[in-house]
Amino acid sequence: MGRIPASEGDSGRDGTGANPESGRRESEEERADRQWGELLQELRVAQTGVQILFGFLLAVVFQPRFADLSTVDRNIYVVTVMLGSATAAALIGPVSYHRLLTGRRMKPQTVIWASRLTKLGLGLLFCTMCSTLLLILRVALHNVVALWLVGAMGLWFLVCWFVFPLWAIVRGNREQGDGEAPPSGLDHRG
């Protein structure tokens, strides 16, 4: 989704009207509309999780046991809340961006910037999740095992969120290089 669409003078279409990048017959605006719809679905999933996590974080400070936290744990809490705030801003940002640019004939650019904000939001969500786990596990375990568990879970997040998709991209590029076409109807580049 971070790719810049072809300019109006160069539609990027072959003689049949299909876009060779995606294999679809769609104009630049149709592609932007489709990508925007897909991005909204992705944002709904991420935003729900962030809202639940952020609500939990906001409630922690009002618990009686919060006063018993060490200075280190309080600092981890503050960092976690700030990361959660930044995550929410980045993942809600595409909605604001779209709303402010609606009607200005800038849908392709809106999709590009919204996609970038979403990727930033996912990176921040990774940091927020690891920080939240660190706080919870430090309070629960009171030992170095918490760091090892957070490290292992952080690695798992990286694999699920970034390594698998990047691996699929590399694999898809390799298959295309071998002359194999991607499965029919799938737009591997978004």
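Rings of Phe, Tyr and Trp (for Trp, the six-membered ring) form an aromatic pair if their centres lie within 6.5 Å; planes under 30 degrees apart count as stacked, over 60 as edge-to-face and the rest as tilted. The structure examined here is a predicted model, in which local features need pLDDT of at least 70 and side-chain atom pairs count only at pLDDT 80 or more, while totals for chains, interfaces and linings use all residues. Residues are numbered from 1 along each chain as its sequence is written, and side-chain values use heavy atoms, with hydrogens and water left out.

Across the whole structure, four aromatic pairs are found. One of them joins F126 and F157 edge-to-face, with 6.5 Å between the centres and 85° between the planes. This pair links distant parts of the chain, 31 residues apart: F126 lies in helix α3 (residues 107–141) and F157 in helix α4 (residues 145–177). Helices here are DSSP runs of H or I with at least four residues, numbered from the N terminus.

F157 also pairs with W161, this time stacked, at 5.1 Å centre to centre and 25° between the planes. These two residues are four apart in helix α4, so about one helical turn separates them. F157 is buried at 11% relative accessibility, whereas W161 is partly exposed at 29%; buried means under 20% relative accessible area, exposed over 50%, and partly exposed in between (1.4 Å probe, protein chains only). F126, F157, W161 and F162 form one aromatic cluster.

The cysteines remain to be considered. No disulfides (pairs of cysteine sulfur atoms within 2.5 Å) are found in the whole structure. The closest cysteine sulfur to that of C127 belongs to C130, and its distance of 6.9 Å is too far for a bond.
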